Amino acid sequence: MVDDLLAALRAAGETTRLRILALLARGELTVSDLVRILDQSQPRVSRHLKLMVDGGLLTRFRDGAWVFYRLAADGVGRQLAESLLALTPSHDPLLAADADALDAIRAERFRAAQDYFRANADQWDAVRSLHVPEAEVEQTLIALAPEGGDLRLVDVGTGTGRMLDVFRDHTREAVGVDISPDMLAVARRQLERPDLAHCRVALGDMYDLPVAAGGNDLVIFHQVLHFAEQPGLALREAARVLAPGGSLLVADFAPHEEESLRTVHAHRRLGFSVDEMAGWAREAGLIPVEKRHLTGDRLVVTVWRFDKPDQTAENDRTGQAGQATKENTSHVA
């Protein structure tokens with residue numbers, strides 16, 4: 001334990017490494033991202049990163065041809081990183097400049113993604129079904145969803161509003177949220193049907209959904225998270241708007257190496273592992289319930305269901321059990 005702490009302290013004790021910690025506290029980044037922000041050579045940045053990984057402060061993972069870094073999920077390194085970040089002055093000029101540079105990179109990627117969505121808005125459903133039959137994915141989503149015909153649904157990254165249509169007979173209220181006005185224009189045209197009168201769309205961000213907190217039975221991410229800069233934060237926001245006992249469905253690719261999806265189709269991540277998705281869900285306070293893998297010609301789509309615990313129901317059950325025990329004890333006496 002002491003050796004781990006000393007290793008982490010040595011790994012953190014340098015200006016550039018503190019800058020890296022502050023940047024990765026805002027989300028996972030590649031070496032190329034850090035090289036641009038820190039304005040240092042790739043070998044130098046890579047050396048800092050290796051020392052920080054070895055010291056337990058960071059974790060490294062490969063995603064296709066790219067390598068990402070993030071803060072360690074647990075252990076002494078994570079605790080030390082959080083302590084150092086809490087002591088770091090937010091107004092420090094160097095850290096503020098780094099934060100601005102990161103915002104500029106993300107804004108650049110956002111504009112590129114918006115250009116892609118704008119160019120593909122009218123054919124979006126065809127784009128999303130390039131590798132696994134979309135009907136199979138949709139049937140699996142319905143099979144894993146909570147039963148009933150009166151669900152309150154939020155479809156995050158709704159695109160053309162396809163999920164609103166798929167779940168029309170299972171919902172009494174449904175809102176599709178998307179950050180692309182061009183996508184929403186297509187979705188609104190699609191919703192001009194009597195059987196979709198209970199559905200609407202809204203401009204919004206997956207990290208700040210324009211819906212009531214704790215007021216929704218089902219949230220769906222259908223082929224959306226691979227565009228996200230911070231998928232874990234998106235799941236946390238989904239958990240915030242879910243009602244106790246509500247469910248989150250995620251359909252996305254399993255890890256793959258189809259780099260064209262990144263270079264041509266603006267994907268940020270090339271799929272997600274089961275452990276990675278489950279880890280984000282647990283951090284968001286959600287419980288893994290079920291997952292199914294759907295195999296296509298070249299890629300695999302995984303559909304996950306996570307539930308938000310219903311603390312009230314659990315307390316009721318506990319109270320009833322306690323009352324029953326009390327009554328039984330009284331009877332014996």
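Begin by selecting R70, which is partly exposed, with a relative accessible area of 22%. On this tour, buried means under 20% relative accessible area, exposed means over 50%, and partly exposed is what lies in between, computed with a 1.4 Å probe on protein chains only. The model in the viewer is predicted, so local features need a pLDDT of at least 70 and side-chain atom pairs count only at pLDDT 80 or more, whereas totals for chains, interfaces and linings use all residues. Residues are numbered from 1 along each chain as its sequence is written, and side-chain values use heavy atoms, with hydrogens and water left out.

Helices (H or I, at least four residues) and strands (E, at least two) are DSSP runs numbered from the N terminus.

Show the strands next: three of them form an open sheet in the order β1-β3-β2, with antiparallel pairing, where two strands pair if DSSP finds at least two bridges between them. The edge strands are β1 (29-30) and β2 (58-63), each of which pairs on one side only. Between β2 and β3, which run antiparallel, there are six bridges, and L58 can be selected opposite L71 in β3.

**The aromatic rings.** Now colour F61, W66 and F68, which ring pairs link into a cluster. Rings of Phe, Tyr and Trp (its six-membered ring) pair if their centres lie within 6.5 Å, and planes under 30 degrees apart count as stacked, over 60 as edge-to-face and the rest as tilted. By this rule the count comes to three aromatic pairs. F61 and F68 are stacked, because their ring centres are 5.4 Å apart and their planes stand at 15°. W66 and F68 are tilted, because their centres lie 6.1 Å apart and their planes stand at 40°. Which of these residues are buried? Both F61 and F68 are, with F68 at 0% relative accessibility, while W66 is partly exposed at 33%.

**Charges over the rings.** Select R262 and look at W66 again: the charged end of R262 sits over the ring of W66, 3.9 Å from its centre. A charge sits over a ring if NZ of Lys or CZ of Arg is within 6 Å of the ring centre and within 35 degrees of the ring normal. R269, in turn, lies over the face of F68, at 5.6 Å from the ring centre.

Elsewhere, salt bridges that share partners join E138, R162, D165, R168, R193 and D195 into one network. As a last stop, select E237 and R240, whose salt bridge has its closest N and O atoms 2.7 Å apart. Being three residues apart in helix α11 (residues 231-241), they are separated by about one helical turn.

Definitions and conventions
A salt bridge is a side-chain nitrogen of Lys or Arg within 4 Å of a carboxyl oxygen of Asp or Glu.
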